[in-house]
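Dear colleague,

Please find the structure below, handed over for your own work. A summary of the findings follows directly after it.

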There are 2 protein chains.
Amino acid sequence: MSKASGLALIGSILLLGLSAGVAAQRQETRELPIDGVRLPADYRDWTLISVAQEKGRNNDIRAILGNAVAVRAFREGKRPFPDGAIIVRLAWQHESSPRNDRVFPAPQSFVAGLPTNVQVSVKDSQRYAATGGWGYGQFEDGLPNQDRSLLQSCFACHQKLETIQPDADLVFTGYSR
Amino acid sequence: MSKASGLALIGSILLLGLSAGVAAQRQETRELPIDGVRLPADYRDWTLISVAQEKGRNNDIRAILGNAVAVRAFREGKRPFPDGAIIVRLAWQHESSPRNDRVFPAPQSFVAGLPTNVQVSVKDSQRYAATGGWGYGQFEDGLPNQDRSLLQSCFACHQKLETIQPDADLVFTGYSR
């Protein structure tokens with residue numbers, strides 16, 4: 001092996017080590033979201049609670065899913081939600097579908113585009129007592145958003161609902177049968 | 001008992017029998033939809049495929065769910081769908097939410113109102129060979145719609161998709177991760 005190719009090999013090994021380190025850090029970040037609210041591994045298979053659309057800055061179409069504890073409470077109209085309830089809100093860009101509009105009688109079809117973010121609400125009345133019993137997290141591409149002010153804005157907004165509908169336990173969504 | 005009250009009693013019994021008969025017929029109707037496409041008992045717990053919005057005459061917001069066979073095919077991009085795949089489209093009236101708009105910064109929030117109907121697509125390449133391998137059904141309040149021309153319009157519309165996107169296996173919806 002020449003000196004040059006030996007150095008190149010050492011460089012490659014160092015780069016490999018560096019990138020493995022970054023990947024490990026990324027993995028660690030993924031597993032350590034603010035406030036301990038994680039993205040549940042199987043959330044994409046959870047039961048649909050309802051759907052919604054937000055215009056304005058969000059401009060999205062969304063689905064709200066729940067784990068078994070949450071779904072039971074929704075279906076039974078049980079409030080406050082019991083500890084262990086987890087609600088996941090998925091959202092995608094709200095997009096016109098020119099393909100569908102070629103089939104349907106008029107331009108009328110809108111579909112889910114690229115995913116925007118996933119928001120998770122976890123009910124734990126002890127751990128999250130300061131925020132009404134709910135812990136909040138937001139994930140982009142599976143990774144937790146580390147912006148503390150963003151996460152604080154979750155509770156600030158849900159708290160406004162409390163003044164309008166005190167018996168909603170800070171949850172906007174109702175179950176759609 | 002007077003003759004009049006005796007007759008009233010007989011009348012009541014007859015009416016009771018009649019209404020029981022109607023209920024039985026209704027039950028039978030529920031179980032015998034056109035083309036044999038039933039509303040699966042547990043569809044409301046199935047996995048979300050995607051969401052959409054139809055303006056125009058429908059004016060709805062909708063969710064598309066799939067059974068395990070369908071979900072696997074969606075996730076793996078497998079076309080045509082294997083026999084046994086079932087896709088269920090739920091839809092609700094697309095409604096503004098004045099309550100949410102009091103919380104959010106601008107009038108921007110739309111939610112699911114009353115359910116409109118549920119449409120079911122069942123893949124059985126033998127049984128439904130004449131309609132591209134798909135059997136179609138529509139249900140209102142859990143009961144199968146018995147309008148044959150309505151059900152024929154399902155395939156007519158899905159068939160138009162075939163001319164635009166032949167590899168879609170007649171399915172409009174894509175999986176939203």
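This is a predicted model: local features need pLDDT of at least 70, side-chain atom pairs count only at pLDDT 80 or more; totals for chains, interfaces and linings use all residues.

**Relation of the two chains**

The same surface is used by both copies, since 100% of the contact residues of chain A recur in chain B.

**The contact between the chains**

Chain A contributes 33 residues to the contact, and chain B contributes 33 residues. On the side of chain A that touches chain B, at least two residues each come from strand E1 (47-54), strand E2 (60-66), helix H3 (98-103), strand E4 (109-123) and helix H4 (148-164) of chain A. The element that gives the most to this side is E1(A), with seven residues. By residue class, the side of chain A that touches chain B comprises 17 nonpolar, nine polar and seven charged residues.

E1(A) is also joined by three bridges to strand E4 (residues 109-123) of chain B, and the two strands run antiparallel. In E4(B), the residue opposite A:Gln53 is B:Phe110.

**Strand pairing within chain A**

Seven bridges pair E2(A) with E3(A) in the antiparallel sense. Here A:Ala63 stands opposite A:Leu90, a residue of E3(A). E3(A) is in turn joined to E4(A) by nine bridges, and these strands run antiparallel. A:His94 has A:Ala112 of E4(A) opposite it.

**Helix H4 of chain B**

H4(B) consists of 17 residues and spans 26 Å from its first C-alpha to its last, which is close to the 24 Å expected at 1.5 Å a residue. Which residues of H4(B) are buried? They are B:Leu151, B:Cys154 and B:His158. Viewed down the axis of H4(B), the buried residues fall within an arc of 35°, so they line one face of the helix. As background, an α-helix has 3.6 residues a turn, so residues three or four places apart point the same way. Strand E5 (134-140) of chain B is included in what covers the buried residues of H4(B). On the face of H4(B) turned away from its buried side are the exposed residues B:Arg148, B:Ser149, B:Ala156, B:Thr163 and B:Ile164.

**Backbone details**

Most residues other than glycine have a negative phi, and most peptide bonds are trans. The following places depart from that pattern.

- The peptide bond from A:Arg79 to A:Pro80 is cis, its omega being near -5°. A:Pro80 belongs to the loop between helix H2 (68-76) and strand E3 (86-96) of chain A.
- In chain B, the peptide bond from B:Arg79 to B:Pro80 is cis, with omega near -5°. The loop between helix H2 (68-76) and strand E3 (86-96) of chain B holds B:Pro80.
- B:Asp35 is a residue other than glycine with a positive phi, near 65°. B:Asp35 is found in the loop between helix H1 (3-31) and strand E1 (47-54) of chain B. B:Asp35 counts as partly exposed because 17 C-beta neighbours lie inside 10 Å.
- B:Asp169, again a residue other than glycine, has a positive phi near 55°. B:Asp169 lies in the segment that comes after helix H4 (148-164) of chain B. With 19 C-beta neighbours inside 10 Å, B:Asp169 counts as partly exposed, while a residue is buried if 20 or more other C-beta atoms lie within 10 Å of its own.

With kind regards

Definitions and conventions. Residues are numbered from 1 along each chain as its sequence is written. Chains are lettered from A and ligands numbered from 1 in the order in which they are written. Two residues are in contact if their C-beta atoms, placed from the backbone, lie within 7 Å. Helices (H or I, at least four residues) and strands (E, at least two) are DSSP runs, numbered from the N terminus. Ala, Val, Leu, Ile, Met, Phe, Trp, Tyr, Cys and Pro count as nonpolar, Asp, Glu, Lys and Arg as charged, and the others, Gly among them, as polar. Two strands pair if DSSP finds at least two bridges between them. A residue is buried if 20 or more other C-beta atoms lie within 10 Å of its own, exposed if 12 or fewer, and partly exposed in between; C-beta atoms are placed from the backbone. The expected span of a helix is 1.5 Å times one less than its number of residues. The arc is that of the directions from the helix axis to the C-beta atoms.
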